[in-house]
Amino acid sequence: MIIKASATLRNDYGSISTLAKETKEPIYITKNGEGDLVLMSIDAFEKREQTLQLRAKVLQAEQERMDGAPTLSVSEARKQLRERMKNV
């Protein structure tokens, strides 16, 4: 976990920006010793958003399966994928 004071952000934005881009990790910004903000690079943010969207889709599919939605075996899924690829 990377923690920096708000004064560091204010006085040395360039190094915080570089750190966020190089580590691809969120940086926790404190104000008066307490957590205040989380800063991350655009790339890290977009990757996180994609991961969250994928997770939501997986959870939805799992819920549908648990609710009795029809499912496919691995061999049936492969067969359907091959058919779709023929049509591309």
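Biologist: How many bridges join E1 to strand E2?

Modeller: Strands of a sheet pair through backbone hydrogen bonds, either parallel or antiparallel. In this predicted model, E1 and strand E2, residues 27–31, run parallel and are joined by four bridges. At one of the positions, Ala5 has Thr30 in E2 as its bridge partner.

Biologist: In what order do the strands of the sheet stand?

Modeller: The order is E1-E2-E3, an open sheet of three strands with mixed pairing. Strand E1 (2–5) and strand E3 (34–39) each have a single partner strand, so they stand at the edges and one side of each is left without a neighbour in the sheet. From one strand to the next, the twist averages 35°.

Biologist: Which strands does H2 lie across?

Modeller: H2 lies across E1, E2 and E3. Relative to E1, the helix runs at about 170°. That angle is taken between N-to-C directions on a scale from 0 to 180 degrees.

Biologist: What is the volume of the largest pocket, and which residues line it?

Modeller: The volume of the largest pocket is about 150 Å³. Its lining includes Tyr13, Ile16, Ser17, Ala20 and Lys21, and also Leu39, Met40, Ile42 and Asp43.

Biologist: Which helices each supply at least two residues of that lining?

Modeller: Helix H2 (13–23) and helix H3 (42–66) do. H2 gives the most, with five residues.

Notes: Residues are numbered from 1 along each chain as its sequence is written. This is a predicted model: local features need pLDDT of at least 70, side-chain atom pairs count only at pLDDT 80 or more; totals for chains, interfaces and linings use all residues. Side-chain values use heavy atoms; hydrogens and water are left out. On a 1 Å grid over the protein atoms alone, a cavity is a set of points where a 1.4 Å probe fits but cannot get out, and a pocket is an open set with protein on both sides within 12 Å along at least five of seven lines; lining residues have an atom within 4 Å of a point. Grid points are joined across faces, edges and corners, and a volume is the space filled by probe spheres set on the points. Two strands pair if DSSP finds at least two bridges between them. Contact means heavy atoms within 4.5 Å.
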